[in-house]
Amino acid sequence: MKWVEGREVVDTTGPPEAPARLVDDFTPDLIDVGAHHLCPGCGEPVAMRSILEAVTELGLVRRTVAVFGIGCYTAFSNNLDVEVLQALHGRAPSLATGVSRAAPGTIVFTVQGDGDMVNEGLQEVLHAAARGERISCFMLNNGVFGETGGHLTSTTVLGQRTKNTLDGRNAAQHGYPILLSNLVAQLEGAAFVARGAVNSAGNVARTKRMILRAFETQVAGAGFSMVEILTMCPTGWFIETQEAPAYLEENLGAVHSIGVLKDWQ
Amino acid sequence: MDGGAGVTLTRGTVVVDVEACKGCDLCIDACPPRVLVMTSHEVNARGYRYPLLLPGCTGCRACSQICPDFVFQVYKYDSPIELP
Amino acid sequence: MTVAQLLEGSEAIAEAMITAGCRFFSGYPMTPFTEVLEHMAAKLPEVGGVCMNAESELEAVGMAWGAAATGTPSATGSTGQGLSLMQESLAEITLARLPLVVLNMARAQGDYYQATRGGGHGDYRHLVLAPMDVAEAVQLSQLAFDLAAAWRNPVVVFGDYYLAHTAQSVEVTSLRTKPADRPDWALDGTSGGSGRAKLISPLGSVKRRDDVGYDLAAHYAACARHTSAMLTSVPPLVELDVPAGSEVVAVAFGTPARYVRAAVRQLRSEGAAIGYVRPITLVPFPTAAVRSVCAAARVVAVYENNQGQMIDDVRLAVLGDAPVEFIGGLSLDSSGFGIAPDLDVATLRLRLEALL
């Protein structure tokens with residue numbers, strides 16, 4: 001114990017003296033460098049952690065290729081201990097298809113934002129799902145184009161303020177959001193489709209199970225799998241970091257509902 | 001968790017990488033036993049406040065799983081210890 | 001032992017690519033590229049390869065990108081308009097240092113700028129091979145794979161409607177004596193978890209070691225050095241027929257060059273002092289060869305089926321030693337796809353005679 005700001009607290013500067021086992025390390029095995037320049041309170045690293053933990057838990061790392069789209073999360077493309085193929089904005093599903101078809105048996109997953117997957121790359125993900133490609137697409141959905149500063153995407157919900165919809169998205173001018181997982185679930189080639197979130201420890205755990213199920217789907221050769229992961233973006237939402245988990249639930253989560261939409265078994 | 005006579009039964013603990021923290025506060029609400037508190041004026045080299053740990057940690061990993069900046073290392077004691 | 005067969009250009013190119021080791025092809029139907037896709041769809045699976053019927057040109061080039069990253073000899077293509085759609089990806093594939101063969105089965109128009117300069121962003125160059133007939137297409141399609149693999153760079157094979165739909169008796173003989181090894185930069189997952197997992201990216205290939213991201217300047221500088229080495233090391237190919245004392249030298253590329261050559265030979269048989277040059281590699285352009293045979297000419301006449309594109313490179317090669325005149329022009333049939341009315345020896349003769 002020690003005293004900080006007049007309060008007696010546990011000394012957290014080093015490992016405990018009493019016998020204990022490590023149950024979670026700073027970074028998952030497959031993240032080489034934890035430091036990044038993403039905003040305080042960003043949900044994307046939280047989602048990345050879960051995805052990479054799943055790859056390790058299933059013993060897939062020596063046969064996995066990750067295909068990255070373009071967004072804030074691209075910051076992780078060159079610091080993972082997983083083979084990475086960098087794609088263009090929206091194009092990850094076609095690159096992933098090329099890898100998967102040319103080297104069958106390779107586990108391939110994509111990491112894309114909502115702007116990447118639902119705006120620029122809508123046809124790519126729909127076609128890959130329709131084809132039943134044996135790839136797992138992970139969409140980090142924060143309802144904005146984060147990297148350009150927080151702009152309207154196809155998943156932005158009505159009323160949401162963004163840099164280019166400062167009065168809030170309205171249907172007459174900006175149309176309605178696309179609930180991508182719901183669309184993909186209707187395609188016969190899609191074997192597992194789910195939507196999770198990382199705004200609470202409980203949701204992180206539930207989303208992790210969805211991610212594991214997506215990889216299981218791919219390993220089993222059952223078809224296309226996708227997990228949409230709602231992530232916090234306090235910067236893009238013009239709110240404080242502490243408010244982001246509730247904002248996610250009340251706004252994005254109220255439209256893009258959390259749950260498993262389709263499962264092959 | 002009250003261990004009686006002013007001690008708290010503590011099942012786990014964390015190591016905090018203070019300099020990695022960006023003061024987002026997500027861990028505070030995520031912690032089920034609510035044993036994390038942010039500093040009020042102490043800041044790290046980049047100017048962010050960071051979490052302090054009170055007795056009563058259960059080693060549940062909620063903090064490490066919700067933290068965007070890989071600040072936490074989580075341990076579970078072989079046997080619960082008592083902390084003041 | 002190979003046997004001579006009467007093959008349409010599209011089929012011959014498909015056979016040549018397969019012979020060269022191509023095991024991944026992706027494409028979208030578009031005239032006059034469509035038949036290449038048809039042949040690859042039928043033939044590639046027979047040799048254990050994969051042909052994907054992509055839902056768009058963007059997805060076609062994307063799939064080829066992914067396949068190329070696994071070290072599989074890969075190709076895609078389209079016609080000029082379809083290649084226009086692929087430009088961003090082609091630029092980034094080049095910056096990612098990936099081998100890829102790209103077919104341009106052009107319509108009538110000789111889109112020289114698109115092929116040689118590219119329409120994408122950034123400092124990148126593609127090698128460009130322009131066959132004149134089906135037999136040459138069989139050779140150059142194979143050479144394209146060797147060059148792409150050797151230089152880790154896309155190579156364009158510039159064909160057209162005429163080539164695609166002309167049948168010629170050809171033997172598709174392999175140019176290679178042994179199959180290529182799988183490159184060590186290729187992705188297959190196995191370097192994952194080793195501490196040195198591979199990365200293929202247009203932004204660089206060096207993994208971060210602290211919180212600093214990509215070093216773009218270093219990567220682009222390395223790409224520039226590689227491009228420079230490629231352009232100066234790949235031997236330019238050119239067909240030269242310029243007797244000493246030629247007063248007029250005609251320059252043309254691709255299938256129209258057969259007509260220009262025929263017109264030149266006809267005029268020469270009647271006593272004209274006329275020569276003919278046909279660049280076969282458009283990149284690297286045979287600058288030195290063109291310069292040496294044009295320096296003493298009275299006029300250099302460039303024929304191409306566009307408003308004047310290759311003429312720029314001819315002027316750069318000649319560098320004022322002789323005047324360079326344009327005798328080409330956009331010549332299209334009513335469909336816009338097919339055989340240009342200008343592809344007629346009599347028509348071309350008149351234009352050359354006017355300069356003699």
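1. Contact between chains A and C. In this predicted model, 37 residues of chain A are in contact with 40 residues of chain C; two residues are in contact if their C-beta atoms, placed from the backbone, lie within 7 Å. Local features need pLDDT of at least 70, side-chain atom pairs count only at pLDDT 80 or more, and totals for chains, interfaces and linings use all residues. Residues are numbered from 1 along each chain as its sequence is written, and chains are lettered from A in the order in which they are written.

2. What chain A contributes. On the side of chain A that touches chain C, β4 (64-68), β5 (83-86), α2 (92-102) and α4 (122-130) of chain A each supply at least two residues. Helices (H or I, at least four residues) and strands (E, at least two) are DSSP runs, numbered from the N terminus. The most comes from α2(A), with eight residues.

3. β5(A) pairs in the parallel sense with β9 (residues 199-200) of chain C, over two bridges; strands pair if DSSP finds at least two bridges between them. Leu85(A) stands opposite Ile200(C) in β9(C).

4. The sheet. β9(C) belongs to an open sheet of eight strands with mixed pairing, in the order β12(A)-β10(A)-β11(A)-β7(A)-β6(A)-β4(A)-β5(A)-β9(C). Its edge strands, β12 (259-262) of chain A and β9 of chain C, each pair on one side only.
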